[in-house]
Amino acid sequence: MLSKIIVVAAALIANVAAMGVCYDTYDFKNIDRHFDIIHQRFQTVRTFQTYIYGSRNVIDAASDHGLGIYAGVWIRGPDYYNDIQAIIDGYYRHPHALKAVFVGNEDLDNGWNVQQVIDKVNEVRNRLRAANIQVRVGSVQTDGGWLNNPRLADACDIMGVNIYSFFGGALEPRWNAMVSRFGGSKLMITETGWPFNGGNYGGNVASYWNAVNHFNQVASWYSAGNGGEDVMYFMYHDNSGKWPEYEKHFGLADNNGNWKFDFAVPARGSCSQPEWNTDYPGNDMFNFPISGDMNSLISQCCSKCVSTPGCGGYSIFEDRCYIKSAMTGRKDGAGVTSARRQ
């Protein structure tokens with residue numbers, strides 16, 4: 001049993017505070033090759049669906065290639081319930097890989113009202129809880145969608161925010177407006193990117209150099225502790241089936257999955273291996289509620305620590321994360337999980 005705990009703990013650490021990339025399953029027959037390439041540079045992946053037509057479960061594929069995954073449920077199509085079942089099946093096989101579930105994507109900008117989205121978020125959560133799965137469940141909307149429909153935030157354990165400077169308005173002030181309205185504990189960037197080709201949008205030019213520059217700016221911004229726990233860049237590879245033309249060229253890789261340029265994702269910081277039933281009393285900077293399975297609890301707590309100046313580590317007790325300025329006075333603490341910032 002102890003060896004299993006150590007293996008799971010190592011997997012959790014590998015997937016904490018890790019910049020990731022969005023993956024469109026339109027070319028799902030090559031998902032294993034793609035995830036192998038993605039793992040060369042990223043530690044996490046976000047998908048829009050989890051069920052892919054009787055083929056590979058995306059949670060299985062992510063785990064097999066060492067990736068943490070934010071799994072999607074697509075609510076504007078015929079595979080809604082298939083996605084939910086695929087999440088249940090994939091979680092049972094690889095509970096350490098699933099970081100959260102996102103229900104829908106930009107639905108408020110595509111004709112849905114806020115109550116319709118809330119109902120889907122609640123239904124997915126209830127079905128997962130009935131299957132004894134305690135991962136966080138939320139939704140993905142544009143920053144405007146969230147700001148205009150704040151009721152949705154109350155229904156979500158995690159809030160995915162899509163912000164594209166290419167379509168108008170710089171990333172940082174728009175993100176800051178979200179944090180000011182909702183606080184930062186549940187927010188994360190789930191899409192941001194810039195096309196390499198395909199024409200302009202107003203005064204914003206789609207070009208190779210602008211796309212590379214945008215990626216580098218986002219990576220630097222993320223490494224400084226911004227954007228939530230695991231910023232998701234849009235996207236892995238081009239999709240020639242999209243329209244208008246610039247929508248075909250957002251990929252960091254081409255249609256065949258080959259990287260368009262050399263880049264490294266900067267480190268953001270990490271936490272030590274969790275110490276089970278161990279407390280470091282005192283030195284509390286602040287604390288906040290967290291929810292989900294142990295994977296999620298550790299991810300949330302470590303992410304907040306590495307993005308907080310002066311954090312020396314954290315302790316988790318009864319679904320609360322205690323951010324600490326120093327880890328001193330170690331003692332046994334039943335039910336307490338602690339880790340140091342590295």
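**View 1. A cluster of aromatic rings.** Tyr23, Phe35, Phe42, Phe196, Tyr208, Trp209, Phe215, Tyr233, Tyr236, Trp259, Phe261 and Phe263 are joined into a cluster by ring pairs. Rings of Phe, Tyr and Trp (its six-membered ring) pair if their centres lie within 6.5 Å; planes under 30 degrees apart are stacked, over 60 edge-to-face, and the rest tilted. This is a predicted model, where local features need pLDDT of at least 70 and side-chain atom pairs count only at pLDDT 80 or more, while totals for chains, interfaces and linings use all residues. Numbering runs from 1 along each chain as its sequence is written, and side-chain values use heavy atoms, leaving out hydrogens and water.

View 2. The structure has 33 aromatic pairs. Here, tyrosine 164 and phenylalanine 250 sit edge-to-face, 5.7 Å centre to centre with 80° between the planes. Both tyrosine 164 and phenylalanine 250 are buried (under 20% relative accessible area; exposed is over 50% and partly exposed in between, with a 1.4 Å probe and protein chains only).

**View 3. Charges over rings.** Arginine 41 lies over the face of phenylalanine 263, 4.4 Å from the ring centre. Lysine 304 does likewise over phenylalanine 288, at 5.9 Å. To count, NZ of Lys or CZ of Arg must be within 6 Å of the ring centre and within 35 degrees of the ring normal.

**View 4. Valine 265 and its contacts.** Leaving aside residues up to four places away in sequence, valine 265 touches Met19, Arg41, Phe42 and Phe215 (contact: heavy atoms within 4.5 Å). Valine 265 counts as partly exposed because its relative accessibility is 22%.
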